[in-house]
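This report concerns the aromatic side chains of a protein chain and their surroundings. The sequence and structure are shown below.

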Amino acid sequence: MIEIETMKKKISPKKNLFWEDIKGEFKLLRKSNALCFGIVLNAIFVVLIILLFILSEYSEKVDLAFMSFDFRIFYTSFSLIRSNPSALYTSQQYEFPFRYLPIFSYMNSFISLIPYPIAFIIHTLIMEILHIFSFVLFLVLSKRFYNVEFNSKRRKSYLLIGIVAPLQVPNLAFGQISEIYILLVLCSIILIENEKIERYQIRGAIFLSGFLIGLASLYKPFGILLIPLLLKGSISWKKKKFQISFKSSFIALLGSIMPILPNIFFWVMYPNLLQDFIKINQSAQILIYPSTSITRILGLLPKFLNFSISQTILMIILAAILFGFIYGIFLIIPLHKRNYSMLFGLIHLILLIVYPDSWFLYFHIWFFVALPGILNIEDALNRKADNLKQKQKQKMLTSSKIIFIICNYGMVYFTLGIVIAMLLTEIDIIFPILLLILLYVILWQLILFLKIPEETN
């Protein structure tokens, strides 16, 4: 964690302090006119989406193909896991590919017992409630663990962007489940960071933090990429040795695989499911919307140069380089200086850049997971400005502005690249470039922070 000074003096843990923190942030929502406006705006979003869904379902004059199409995929899988599990990935009932693990469908199969229109309306209301609660956890992580102050105009704008979250509108309209994933990952980060300062008294926190990541992976399979970051190991260049807490690492990894293990039952009972799962995630692409991935753009270049190359190969090459680099950085950061919000955020950012079927809605996940840690490092660099050269100071200020601008674009003005893609190029060439810039800027800030001598922190 970056707040070294405050972390040295551990907070006396209090049994009910977590709920007091939650209540405190809910009070902030009630007292802030801007945040209250954001909640009201969210309520309007929900009402309009439900009304449009009802019109689309029951009116012959209104045909909104995009309404609930993700939820329809989920709902179909919930029904299939009960009636025809072997066809979970290959059924002709799907309009778009189903990419999730079998246990995800089994856990939620009861939803298929509810009439589809009612299920979607309930789902929409629950996702909105989880969005508000995720925002509260975002505040708890930022303020209670990273000591981030939201007292400047830019910082207050971040809060308004987070609570209003225009990306939540297509998320709700499509019937996405991103809010469940965000909530689970934020809870896991809080548990991991709590191990350092012991703000809350939580038994089995190490196991639980891993379990939540494993559970999150059921709702978004790419959550599996976070599991290596649960290892309690580090490389010391000065001492030239690798240190690891085998007990803590084992407990965290055990927790992470527990929710995933039940999939083995389905893979044994229906041997085709594992092969179908791998195949559908490797080959099936949804081309009706523009990807945020640079892989998709690079995959189109050979067509203009009269040779061909597999997007899968491109993805593997880029993933090996970028993920390998992040995991390498993770290992050289001392345990007490690790900022898990930023590290988890970097994994999601690389996913946005590398995975061919990543799209703009994933930026909503990145924002909530990564921003507390990014602001934490920004504050740390500002406090240590005296240790920086003038050129570094100027670049630091510029990098913070760039992050803010891209966050605004990604969360609010994301439609520009999509409109261009739909009308002109078939791909969004704006967002992938912005994401590469964002990755560079965040890594620059992180490396700059790590270069500050330990004794000056």
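In this predicted model, a search of the whole structure finds 41 aromatic pairs. One of them joins phenylalanine 74 and phenylalanine 104; the ring planes stand at 75 degrees, over the 60 degrees required, so the pair is edge-to-face. This pair links distant parts of the chain, with phenylalanine 74 in helix H4 (residues 69-83) and phenylalanine 104 in helix H5 (residues 102-107), 30 residues apart. Tyrosine 340 and phenylalanine 344 also form an edge-to-face pair. Tyrosine 340 and phenylalanine 344 lie 4 residues apart in helix H16 (residues 340-354), and are therefore separated by about one helical turn.

| Aromatic pair | Centre to centre | Angle between planes |
|---|---|---|
| Phenylalanine 74 and phenylalanine 104 | 5.6 Å | 75 degrees |
| Tyrosine 340 and phenylalanine 344 | 6.1 Å | 90 degrees |

Phenylalanine 74 is buried at 3% relative accessible area, and phenylalanine 104 is buried at 2%. Tyrosine 340 is buried with a value of 2%, while phenylalanine 344 is buried at 0% relative accessibility. Phe74 and Phe104 belong to one aromatic cluster, whose members include Tyr89, Tyr219 and Phe277.

Charged side chains also meet aromatic rings. The charged end of arginine 338 sits over the ring of phenylalanine 330, 3.9 Å from the ring centre. Arginine 154 lies over the face of phenylalanine 404, at 5.8 Å from the ring centre.

Histidine 123, in helix H6 (residues 116-145), is buried at 11% relative accessibility. The side chain of histidine 123 reaches the backbone oxygen of glutamine 176 at 3.0 Å, and one of its polar atoms lies 3.3 Å from the backbone oxygen of glycine 175.

Definitions and conventions:
Residues are numbered from 1 along each chain as its sequence is written. This is a predicted model: local features need pLDDT of at least 70, side-chain atom pairs count only at pLDDT 80 or more; totals for chains, interfaces and linings use all residues. Side-chain values use heavy atoms; hydrogens and water are left out. Helices (H or I, at least four residues) and strands (E, at least two) are DSSP runs, numbered from the N terminus. Buried means under 20% relative accessible area, exposed over 50%, partly exposed in between (1.4 Å probe, protein chains only). A polar contact is a pair of N or O atoms within 3.5 Å; within protein, one must be able to donate a hydrogen and the other to accept it, and residues adjacent in sequence count only if both atoms are side-chain atoms. Rings of Phe, Tyr and Trp (its six-membered ring) pair if their centres lie within 6.5 Å; planes under 30 degrees apart count as stacked, over 60 as edge-to-face and the rest as tilted. A charge sits over a ring if NZ of Lys or CZ of Arg is within 6 Å of the ring centre and within 35 degrees of the ring normal.
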